[in-house]
Amino acid sequence: MERWKGRVALVTGASVGIGAAVARALVQHGMKVVGCARNVDKIEKLAAECQSAGYSGTLIPYKCDLSNEEEILSMFSAIRTLHQGVDVCINNAGLAHAESLLAGRTDGWRNMIEVNVLALSICTREAYQSMKERHVDDGHIININSMGGHRVVPSADEHFYCATKYAVTALTEGLRHELREAKSHIRATSISPGIVETEFAFRHHNSDPEKAAATYESIKCLKAEDIASAVTYVLSAPPHVQIGDVQMRPVEQVS
C-alpha cells in the first residue's frame, strides 16, 4: 500500500458498514479519502476518530445524493478543484428494497437501479475521465458487489436486488474490456461478499426488525472489516496483477 500514500480515493456510501470500514482502512494507509453519503454526520465523526488515532491519511466528508447525477458531477468537480482528481474509486454504495418481481413497487425498483447501477456507472465514468486527463495510468476502480450478483436466492424480496448486482458483475467485466481496448493499465475489480453484519439487513427489512436480526444470528457473518481487508489486498497487488473478481462468504454460508 506504500505507493498509495497521499493519493486520492473516493468511497461512496462511507457513513456506515463496509464503506466506513474501507474509508478508515485507506486513511490508516495514508490515503486522502473523500467519503460521500447523503448524511455526513457519521463520516465527520469517523474523520475525527481517524485524526485522533494519528492515522497518516485524511478523511474528507462530502454530502452527495447518488441518485442525483447533478450531485455526483458536482462532487467530482469539487474533488478536481480541491484535490486534483481521483486515483482510486470504491463504488460501495448500494441498497435493497423488499420488492418482489410479481408485486413490487416501481419506485423501489427504480431506486435500486439509480443507486446500485447508474450511480456506480456514473462514478466509474467520471473517475476514469479524472485519471485520464491527469495521465494517471495506475488507478483502480473497485466495485463492492455481492454474492447476489452470481446466483439468485430463493427469497422473492431479493430478486430485483440480485438483478442489479448481476448488472454490477457485467459492468465490471465490461469495464475491464474497455480499459484493455484503451490500452490503459487502470485496473477494475469486483468484490462480492456474502452475508456481512452491518445495518444493511435492518434497512432492507425496515418493517420487520426481527427478520433483519435473524439474518445475522443464524451464522457467524463476515464483518465490514473483512471487506476492507479485501480492498487493501486488491490495492496492494503489484501493478501488473489484475485481481478481477473476489468472492467471499462466511464459512457457514451455504450459498
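Modeller: Arg7 and Asp87 are joined by a salt bridge, with their closest N and O atoms 3.4 Å apart. The pair connects distant parts of the chain, 80 residues apart: Arg7 in the segment before S1 and Asp87 in the loop between H3 and S4. Helices (H or I, at least four residues) and strands (E, at least two) are DSSP runs, numbered from the N terminus. This is a predicted model, in which local features need pLDDT of at least 70, side-chain atom pairs count only at pLDDT 80 or more, and totals for chains, interfaces and linings use all residues. Residues are numbered from 1 along each chain as its sequence is written, and side-chain values use heavy atoms, with hydrogens and water left out.

Colleague: Why is the contact between Asp138 and Arg7 called a salt bridge?

Modeller: The term requires a side-chain nitrogen of Lys or Arg within 4 Å of a carboxyl oxygen of Asp or Glu. For Asp138 and Arg7 the N to O distance is 2.8 Å, and the pair is a salt bridge. Asp138 lies in the loop between H4 and S5 and Arg7 in the segment before S1, so this pair ties together parts 131 residues apart in sequence. Arg3, Arg7, Asp87, Arg134 and Asp138 are linked in a network of salt bridges.

Colleague: What makes Trp109 and Phe160 a stacked pair?

Modeller: Rings of Phe, Tyr and Trp (its six-membered ring) pair if their centres lie within 6.5 Å; planes under 30 degrees apart count as stacked, over 60 as edge-to-face and the rest as tilted. The centres of these two rings are 5.3 Å apart and their planes stand at 5°, so the pair is stacked. Trp109 belongs to helix H4 (residues 106-133) and Phe160 to helix H5 (residues 159-181), so the pair ties together parts 51 residues apart in sequence.

Colleague: What makes S3 and S7 edge strands?

Modeller: Two strands pair if DSSP finds at least two bridges between them. The open sheet of 7 strands has the order S3-S2-S1-S4-S5-S6-S7, with parallel pairing. Strand S3 (58-63) and strand S7 (245-248) each pair on one side only. Strand S6 (residues 187-193) pairs with S7 in the parallel sense over 4 bridges.
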